[in-house]
Amino acid sequence: MLFKDAAIYYEKLEGTSSRLEMIDTLSELLSKSSSDEIKQLIYLTQGVLSPSFEGIVIGLAESFAEQAIAAATGYSKESVITAYKKAGDLGITAEEFCAKGKLKRISQKQFTVNDVFESMRRIARTSGQGSQDTKIKMLMELLSASSPLEARYITRFALGRLRLGLGDATILEALSKAFTGSRDAKPVLENAYNICSDLGTVGETLSKKGITGIEHIEVKLFSPIRPALAERLPTAEEILEKTHGECAIESKYDGLRQQIHIDRKSKKVEIYSRNLEVLTPMFPEVVHAALDEISAESAIIEGEAIGYNESTDQFLPFQETIQRKRKHGIDKMSRDVPLTLFSFDIMYLNGKETMSKPYSERRELLESILEKRKMVRLSDRIITKDPKRIDQYFNAVIEDGLEGIMAKDLNSRYVAGARKFSWIKLKRSYKGELSDTLDLVILGYFLGKGLRAEFKFGGLLAGVYNSKEDTFETITRIGTGFSEAQMKSLKKELDKIKAKHKPARVNAAVEPDFWVEPKFVVTVRADEITRSSMHTCGVQDGLGYALRFPRLVSDGIREDKSASDATTTEEVIEMFGIQRKSKLSS
Ligand code: ATP
């Protein structure tokens, strides 16, 4: 497929304001690609060069791209900068300059999707001395043989700003439609995606081997599994009812979720975060402990890494553990805040997946490979049928400084990538507040008035993720909880992702001063969930859900969550139910 043909579809997608139309357009594009290029096409369309766990990112500096545009079109860099300031989008500037270029197109070669993808990968991989000039030259070569529309998307891609606004679920639905004629195969595709975490691989397998191939996608070492998520329930009685009268109750540690892959033969260990980025270089002591303490030829285990002081038997607060997520000063930090991994699951052992085994068997396997239990330990737990015992355990862990408990259904498999009742969380609550915080997606922002006018920032329009529709629905306007520094840095980040119109996957009745692409997540605490006619979260017959007294509690943007990891509409409805019950019982 020629890249110029893909660019026409990208332009169409950009102008779309409905998700269904997006699915149709994308499915048409995908159905035209061959099986040797669909993987690359999917990555390009996502605006990435690899799945997140391979970590190949492009993000070329603006000044390099400006130089490349100037060199490719025969204009000065200054004139490119002036035009960019006016347009506010370097992709549009590249398009304009290519259209009026003084230089003749160097080659008449037409790029394929694979050509563009490979060039971008080469640009991303070039490093070391003189790499800046090489990167500029490579982009210049691409641009000087591009049509204006191709130049728009190549430039945006090179900057890491393609942003066609497609969610994973939308891509899966489009794949289903492209290859089976309807959107009905989405659950099968989603299942495969939850196991391999790579939409490119899902697309390629579907194109080469059909649905049968998709059903055979298996767990693989060093290809992370999308993490299982927990539901909520308000009482021990309800937890027992949902888990057929008996369950395991584990401590809920408030640290960093880690999925650890280990292959003893090659002595390779990789640690993945909750959103499947590689964390390995940040935690040398965990890598060392994994090799020393996990007695298996190969395994994938999961746990929560948390700062823990053995001599006082005390856990460190999350704010201290999170300091370990850093790129510099790692050795010192690993000595100052050493982590203990409290393992709670196993998904793969000695060449075989274990996800399909029931929890109780998985736990036995986990116990059998962790004999030393020094730095890699087991999550503390009890098994019980007694609600009073659950309450007792809950109170004890809160006293120990933990945030609550996780109940686990003894017979349930590991449900990758989904929030199911096989895991149920119960967290401590404070009087007059919702027991849980919400992770909300920033959908827009308001200009400041009064004291806030100087920051040109008056608060955020925030929303939740509707996972059924793959859309975002507004739930609140957040005006408090920001420090001055946070306001400045938030505005700076949001200005980079401003959208010209309401993004297609946003469902809103409120209009902010500026829309932004749904990308950043912040954590918010509120006093209460109320019914509202202003917000579209869970809206039915004109009535949705909203937050009372929302305030920002995360230290700015949550780097570890992407927009689709935000609190979902279903969760809000569930939290509303829990709140109503606890009001009735108090
Ligand atoms: P939260 O902000 O409450 O951690 P979350 O949305 O990140 O919520 P949930 O699925 O709601 O994730 O809750 C499960 C989280 O709890 C997991 O991501 C995991 O990191 C953490 N956790 C801590 N202890 C355990 C445990 N014993 N078993 C499973 N998960 C645990």
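A polar side-chain atom of lysine 425 lies 2.3 Å from an oxygen atom of the ligand, and the ligand, which taken alone exposes 590 Å², has 91% of that area buried by the protein; such accessible areas come from the Shrake-Rupley method with a 1.4 Å probe, and for residues only the protein chains shown count as cover. This is a predicted model, in which local features need pLDDT of at least 70 and side-chain atom pairs count only at pLDDT 80 or more, whereas totals for chains, interfaces and linings use all residues. Residues are numbered from 1 along each chain as its sequence is written, and side-chain values use heavy atoms, with hydrogens and water left out.

The shell around the ligand holds 17 residues, of which Ala230, Glu304, Lys408, Lys425 and Lys427 come nearest, a residue being counted as near if one of its heavy atoms lies within 4 Å of the molecule. By class, this shell has six nonpolar, one polar and ten charged residues, where Ala, Val, Leu, Ile, Met, Phe, Trp, Tyr, Cys and Pro count as nonpolar, Asp, Glu, Lys and Arg as charged, and the others, Gly among them, as polar. Strands β1 (229–232), β2 (247–252), β11 (404–409) and β12 (419–427) each supply at least two residues of the shell, and β12 gives the largest share, four residues. Helices (H or I, at least four residues) and strands (E, at least two) are DSSP runs, numbered from the N terminus.

Elsewhere in the chain, helix α8 (residues 131–144) has 14 residues and reaches 20 Å from its first C-alpha to its last, close to the 20 Å expected at 1.5 Å a residue; the expected span is 1.5 Å times one less than the number of residues. Its buried residues are Ser131, Lys135, Ile136, Met138, Leu139, Met140, Leu142, Leu143 and Ser144, with buried meaning under 20% relative accessible area, exposed over 50%, and partly exposed in between (1.4 Å probe, protein chains only). These buried residues of α8 pack against α4 (62–73), α6 (90–99), α7 (113–125) and α9 (148–159), contact being heavy atoms within 4.5 Å.

Arginine 163 lies in the loop between α9 and α10 (168–180) and, at 28% relative accessibility, counts as partly exposed. Not counting residues up to four places away in sequence, arginine 163 touches Lys496, Ile497 and Glu517, and a polar atom of its side chain lies 3.1 Å from the backbone oxygen of lysine 496. Arginine 163 and lysine 519 are 356 residues apart in sequence, yet 9.6 Å apart in space, C-alpha to C-alpha.

Lysine 267, in the loop between β3 (256–263) and β4 (268–272), has a positive phi of about 55 degrees although it is not a glycine, and lysine 267 is exposed, with a relative accessible area of 64%. Arginine 373, in the loop between α17 (359–369) and β9 (376–378), has a phi near 50 degrees, a positive value in a residue other than glycine, and at 36% relative accessibility counts as partly exposed.

Technical notes
A polar contact is a pair of N or O atoms within 3.5 Å; within protein, one must be able to donate a hydrogen and the other to accept it, and residues adjacent in sequence count only if both atoms are side-chain atoms.
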